[in-house]
Amino acid sequence: MLLAFSVVVFHCKTEFGGYFAVGGRLAVQLFFAISGYYMAMVLTRKYSGPGGKRLFFGNRLLRLLPTFYVVLLLFFVACAVIGLGVGHRVAVGHLTTWSVHGADLPGWCAWALALVNAVPFGQEWALCFDLDTARHAVVATPNPGTLPLDYFMLNSPAWSLSVELQFYLMAPWLVRLPLKWLVVIGAASFALEQWLPGVAPGRPSFWHNQFVGSQLWHFVAGIVAYRLGSAPESHPSFARLQRHSGKIWVLTLLVLLSFPLLRIPFREPALALLFPMALPAVFAASENISWDRFLGELSYPLYLVHMPVKYMVDGFRIQGPQEDPGLIRWVGYIAIVLVLGTAASVLI
């Protein structure tokens, strides 16, 4: 819940004076670690029998896709209803990009972007390339005359849903690998995260922050934390660490909350490694707490609805008092996101 809210606050950082617990990118990466831990746990406890993989895949899709499509549908319905009220077609957020620059897209690219908007697999690749509006061509090198292709994504944070779904495809096999191979895979993924931005075509930020191969180490770190935490007696050094995992969690939480104030080298990789080590204690302490489970389930719809709501709030220039023009906007934004996120969590 804290990580999802960090992304929400990050995307309205102007209204919040720039404060957020962690940056949106790091919040997503820490969520990948939580996901790895949780997937390892449920695959071990619930889906280990015959037909387990098929049931796992089906349940994951039913957990994620209905909310994705309901949010997308409600966004279109809201634009249509408001358009009827004002007497003309309304385009807000990235719908505006389609309206203004849709004709500049090559035909194959327009179809591909429409497809990944409708089927979230592959959305992260829109963050890699740009559209040269003058030449009507997709280019790998951004310049002042190009437009990022992710501006055509109607719910841009859904790129992480695509990456998460790809992790789920790998999860049943990853959780059964020997620990040493998980460490090798995690190290290789971390190496890709450091190496690819300097050599691969397209936006370096994509290869560092969104490419599934370079983000896999966060998911694997969660799996490793579960593996070690579930059998600490077979790993004596980790057993000693487990005795202090509650302290690690407190330290991690303090780092999260004071993140904007810290100016230490390698703080993000350090936090990304520290965070999974605290997960066994966190899950053990909260596993049977119903309100904590509710907040955990709320995080996904909250994350998914926040950007369409921001598109609407920003698009219609909802303003506050003259002395603080952003006050009503961000209070209304957060309130609407919380209400819609809670409704989606309860009803879908």
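Me: Which residues of helix 7 meet helix 9?
Reply: Keep in mind that this is a predicted model. On the helix 9 side, the residues involved include Gly 213, Leu 216, His 218, Val 220 and Arg 227. Facing them from helix 7 are Leu 179, Leu 182, Ile 185, Gly 186, Ser 189, Phe 190, Leu 192 and Glu 193.

Me: Are helix 7 and helix 9 roughly parallel or roughly antiparallel?
Reply: Their axes sit 7 Å apart and pack at an angle of about 150°. Anything over 145 degrees counts as roughly antiparallel. So the label for helix 7 and helix 9 is roughly antiparallel.

Me: And what's the handedness of the crossing of helix 7 and helix 9?
Reply: We already have the angle, about 150°. The crossing of this pair is left-handed.

Me: Is His 218 buried or exposed?
Reply: His 218 is part of helix 9. Leaving out residues up to four places away in sequence, it touches Gln 29, Phe 32, Ala 33, Glu 193 and Ala 272. Buried means under 20% relative accessible area. His 218 comes in at 2%, so it's buried.

Me: Which residues does Gln 29 contact, neighbours within four places in sequence aside?
Reply: Gln 29 sits in helix 2. It counts as buried, at 3% relative accessibility. Its contacts, with those neighbours set aside, are Glu 193, His 208, Asn 209, Gln 215 and His 218.

Me: How far apart in space are Gly 36 and Leu 216, C-alpha to C-alpha?
Reply: Gly 36 is another helix 2 residue, and it's buried with a relative accessible area of 0%. Beyond its neighbours within four places in sequence, it is in contact with Phe 219, Gly 222 and Ile 223. Gly 36 and Leu 216 are 180 residues apart in sequence, yet their C-alpha separation in space is 9.4 Å.

Me: Why is helix 6 described as largely enclosed by the rest of the structure?
Reply: Helix 6 covers residues 159-174. The call rests on burial, with under 20% relative accessible area as the cut-off. Helix 6 is largely enclosed because the buried count among its 16 residues is 13.

Me: Where does helix 6 bend?
Reply: Start with the end-to-end check: at 1.5 Å a residue, its 16 residues should span 22 Å, and the end C-alpha atoms are 22 Å apart, which agrees. There's still a bend of about 30°, with a proline, Pro 172, following within four residues. The bend is at Tyr 168.

Technical notes. Residues are numbered from 1 along each chain as its sequence is written. This is a predicted model: local features need pLDDT of at least 70, side-chain atom pairs count only at pLDDT 80 or more; totals for chains, interfaces and linings use all residues. Side-chain values use heavy atoms; hydrogens and water are left out. Helices (H or I, at least four residues) and strands (E, at least two) are DSSP runs, numbered from the N terminus. The expected span of a helix is 1.5 Å times one less than its number of residues. The bend at a residue is the angle between axes fitted to the seven residues ending there and the seven starting there. Buried means under 20% relative accessible area, exposed over 50%, partly exposed in between (1.4 Å probe, protein chains only). Contact means heavy atoms within 4.5 Å. Axes are lines fitted to C-alpha atoms, for helices over the stretch in contact, and angles run from 0 to 180 degrees between N-to-C directions. Angles under 35 degrees count as roughly parallel, over 145 as roughly antiparallel, 65 to 115 as roughly perpendicular and the rest as oblique. A crossing is left-handed if the near helix is turned anticlockwise from the far one by less than a right angle, and right-handed if clockwise.
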